[in-house]
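This report looks at aromatic ring contacts. Please keep the sequence and the structure in view while reading.

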Amino acid sequence: MSVTTPPTRVAAAPVRPAATRPPNRMRAWATRAPLLPALVFMILVTQLPFVATLVISFFDWNALYPDDRRFAGFANYSEVLSTPELRESVGTTVLLTATVVLVSLVLGMALALLLDRKFRGRAVVRTMLIAPFLLVPVAAALLWKHVLFNPEYGLFNGLLNWIGGDGAAQPDWISEMPLMAVEASLIWQWTPFMTLILLAGLQSRDPQLLEAARMDGASAWQEFVHITLPHMRRYIELSVLLGSIYIVQNFDAVYTITSGGLGTANLPYTIYQTFYQAHENGLASAAGVIVVIGSLILATFALRVVSSLFRAEVSR
């Protein structure tokens with residue numbers, strides 16, 4: 001005769017009263033509350049001015065005739081894209097940005113490859129290379145304008161006079177090659193930025209892979225082309241995108257070195273001229289919105305590159 005044992009009962013854990021359990025919504029607010037002051041500050045400082053600029057861009061509004069403003073729709077945007085001066089400034093902005101970013105990228109890669117090697121005094125050299133990027137942009141532009149480019153006492157003409165004697169050419173660098181003068185100043189200041197990003201990429205390479213390539217007889221050029229460049233692709237993309245975002249918005253060098261003359265007026269300087277000299281608030285606001293939209297597009301690509309870098313590091 002089989003004896004059936006009754007099932008043992010497991011004592012249930014005491015249920016916490018619902019009244020004492022904090023709601024999920026309140027817990028979320030308690031977690032995010034410390035961030036609210038920063039969020040409010042960001043909205044007041046960045047978003048509200050942009051909304052005001054966006055609204056003004058749809059009005060025909062000249063500051064000299066404040067009572068004669070009227071809604072113009074997209075007429076200001078159409079004028080920005082059709083006015084020869086503004087279209088020329090857009091072309092100058094693209095040319096200036098592309099030249100500065102590409103040259104800074106090539107120089108930054110060369111310097112990063114040198115700094116990736118071990119040698120005595122590398123920390124001092126690295127600090128000296130970073131110094132131009134730490135200068136205030138206006139100070140850097142003034143340095144190039146007066147210390148280097150000045151035709152009477154500038155360093156460049158002094159070197160030409162020292163090499164060629166009294167009969168050496170003494171060019172007026174800013175008048176004869178204005179856009180190149182602005183580009184040189186920006187390249188000098190932004191090459192250290194490219195160097196830092198690319199050096200970080202070089203130092204994240206797998207040393208075992210490099211050692212295996214050397215043991216297989218790969219030359220330095222083959223190692224650079226087949227191992228270093230594929231690994232550096234994301235870092236190069238990040239350098240180009242971040243550099244483009246900043247150079248597109250550059251105003252200091254153009255204003256300080258050439259005052260926008262001689263075909264060097266980029267879009268930020270043209271916006272300044274339109275707003276402060278022509279007093280066309282609506283037209284300047286429309287041009288500013290176009291610059292912001294272009295910067296946001298570049299920033300979106302930059303954020304995607306940064307996130308892909310983080311994902312690649314986590315997956316290792």
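Trp173 is buried, at 18% relative accessibility. Buried means under 20% relative accessible area, exposed means over 50%, and partly exposed is in between (1.4 Å probe, protein chains only). Phe156 counts as partly exposed at 25% relative accessibility.

The ring centres of Phe156 and Trp173 are 5.6 Å apart, with the planes at 65 degrees, so this pair is edge-to-face. Rings of Phe, Tyr and Trp (its six-membered ring) pair if their centres lie within 6.5 Å; planes under 30 degrees apart are stacked, over 60 edge-to-face, and the rest tilted. Helix 7 (residues 155-164) holds Phe156 and helix 8 (residues 173-176) holds Trp173, so the pair ties together parts 17 residues apart in sequence. Helices are DSSP runs (H or I, at least four residues), numbered from the N terminus.

## Model basis

This is a predicted model: local features need pLDDT of at least 70, side-chain atom pairs count only at pLDDT 80 or more, and totals for chains, interfaces and linings use all residues. Residues are numbered from 1 along each chain as its sequence is written, and side-chain values use heavy atoms, leaving out hydrogens and water.

Trp144, Phe149, Phe156, Trp173 and Trp188 form one aromatic cluster. A search of the whole structure finds 21 aromatic pairs. One of them is tilted: Phe133 and Phe193, 5.4 Å centre to centre, with 35 degrees between the planes. Phe133 sits in helix 5 (residues 122-134) and Phe193 in helix 9 (residues 178-202), so this pair ties together parts 60 residues apart in sequence.

Phe133 is partly exposed at 28% relative accessibility. Phe193 is buried at 13%.

Terms used. Helices (H or I, at least four residues) and strands (E, at least two) are DSSP runs, numbered from the N terminus.
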